[in-house]
Amino acid sequence: MRREVGGLQSSAGEPPADGSSELWDRCAQSVGGGVSSGLRRTIMPWPLFVERGQGCRVWDVDGREYIDYVMGWGPLILGHSHPELIHAVRDQLELGSLYGTGHRLEYTAAEMVIESVPGLQRILWSNTGTEAVHVAMRLARAHTGRTKIIKFVGGYHGWTDSVLASYSSHTAGTAATSNSKGQSVAAQQDLIVLPFGDVSSVTEVLSHAAAEGVAGVLIDPIMSNYGLIEPPAGYLEAVRSACTANNVVLIFDDVIAGFRIALGGSTERFGVVPDLVVFAKAIAGGFSQSAVGGSAQLIDQVLDGVVHAGTYNGNPIALAAVRATLTQLRQPGRYAALEDTAQSLADGLNAIFSELRAPLHAHHLGPIVQMMPIAAGQEVAFGPGIDWSYWDMLTNACRQRGLFLLPRGRLFLSTVHGADDIAETIAAFRDAVRQLR
Ligand code: PMP
């Protein structure tokens, strides 16, 4: 399964075979594709096989240490094995891992979520972001008696047939482009796909919502999987009022943004309150729990014919993790510190890129840093056509210098990435960029 790192082999150097590449080969004999989630195959030069994680660092099967910017693809907002989180989960494990009926953590954790995010009255627990998005769309459809959902080009909302569309590629027009073989064409017919950030296209469609059968707008307000884009000024407000005027349910997909860009996620950061909001990832600090939050009126539809189910929903292990994570995140100064860390990393990286004329530029939104390729001095818009070959080579060169990075230029930070880690990271990048010159 070992692969070449695209582009300039001679300057990037052949990635040295290591324990991870060998274990990946072995893994592929028993695990389909050699990874447990398809996107992990895109980790360059191959998936790292990790022995343990502590704080902001991981150690691979060869005993090598890395500063981790993958952070489990977002959830590890407190880093690996945060003592308070581990403590809470260990204590709960002694009391049982699953009851399949009521327990106190269900409401104590829900109350913490409701207190943290403006506009919430109720929570429904589920396990993954994909499931919670599904629940939110069902609530929107039940509430409006309509079926269509507006999503945006490049938005990722999980891998189900009904939303895995127009993310990795999109054909012009408002019809969905499916992104996997084997998808139901019928499910995709309920999508209307629009460009992100354009007020007129979304308000135009929403003005015919009743006639078109539009139930909801599903939006990741920061396009966290598509270049990390700050919503243009007034955009979310315009979408909000057009949804209200046309009885359409506004759903924020805060799977990445929630509890990461602010305690109250996109709602707090941008001051626009959606009807429903979906959380996963950072809410449980690395355990598998997701949630849909909203008004009592929308959520209580579960008492009136809307099915919401799941054996592991609200399991005490994950909810102990939610409670411990939110307890940490509520401490004063947490988000200001995360913002400062991200700012210093982005600034340090940009200084290197301009000094050494590397074709990249870094920006950040909360504790997420996104690097984008630059062509002829101009930042390139995110999209399927982007040439990531320089990033791939740089990732490989950085990995050899003790940094573990995601594909496509994105870095997740945590509360335990400190000034020394940032300085070490910037030095490793400088060295790697030099090597590639
Ligand atoms: N929405 C967004 C914005 C995401 O980033 C993701 C996962 N990367 C999902 C939904 C799906 O979440 P999960 O992988 O937990 O199913």
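At what angle do helix 7 (residues 199-207) and helix 9 (residues 235-245) pack, and how far apart are their axes? View A gives the answer. This is a predicted model: local features need pLDDT of at least 70, side-chain atom pairs count only at pLDDT 80 or more, and totals for chains, interfaces and linings use all residues. Residue numbers start from 1 along each chain as its sequence is written.

**View A. Helix 7 packs with helix 9 at an angle of about 5 degrees.** Their axes lie 9 Å apart. Axes are lines fitted to C-alpha atoms, for helices over the stretch in contact, and angles run from 0 to 180 degrees between N-to-C directions. Helix 7 is therefore roughly parallel to helix 9 (angles under 35 degrees count as such). Helix 7 makes the contact through Val199, Val202, Thr203 and Leu206. Helix 9 brings Tyr235, Ala238, Val239, Ala242 and Cys243. Contact here means C-beta atoms, placed from the backbone, within 7 Å. By class, this contact has eight nonpolar, one polar and no charged residues. Ala, Val, Leu, Ile, Met, Phe, Trp, Tyr, Cys and Pro count as nonpolar, Asp, Glu, Lys and Arg as charged, and the others, Gly among them, as polar. Helices (H or I, at least four residues) and strands (E, at least two) are DSSP runs, numbered from the N terminus.

**View B. The shell around the ligand has 14 residues.** Thr128, Gly129, Thr130, Gly158 and Val255 come nearest. A residue is near if its C-beta atom, placed from the backbone, lies within 6 Å. Helix 5 (residues 129-144) gives the largest share, three residues. By class, the shell has five nonpolar, seven polar and two charged residues.

View C. Two strands pair if DSSP finds at least two bridges between them. Strand 2 (residues 57-60) and strand 3 (residues 65-68) run antiparallel, joined by three bridges. Val58 stands opposite Tyr66 in strand 3.

Key: Angles under 35 degrees count as roughly parallel, over 145 as roughly antiparallel, 65 to 115 as roughly perpendicular and the rest as oblique. Two residues are in contact if their C-beta atoms, placed from the backbone, lie within 7 Å.
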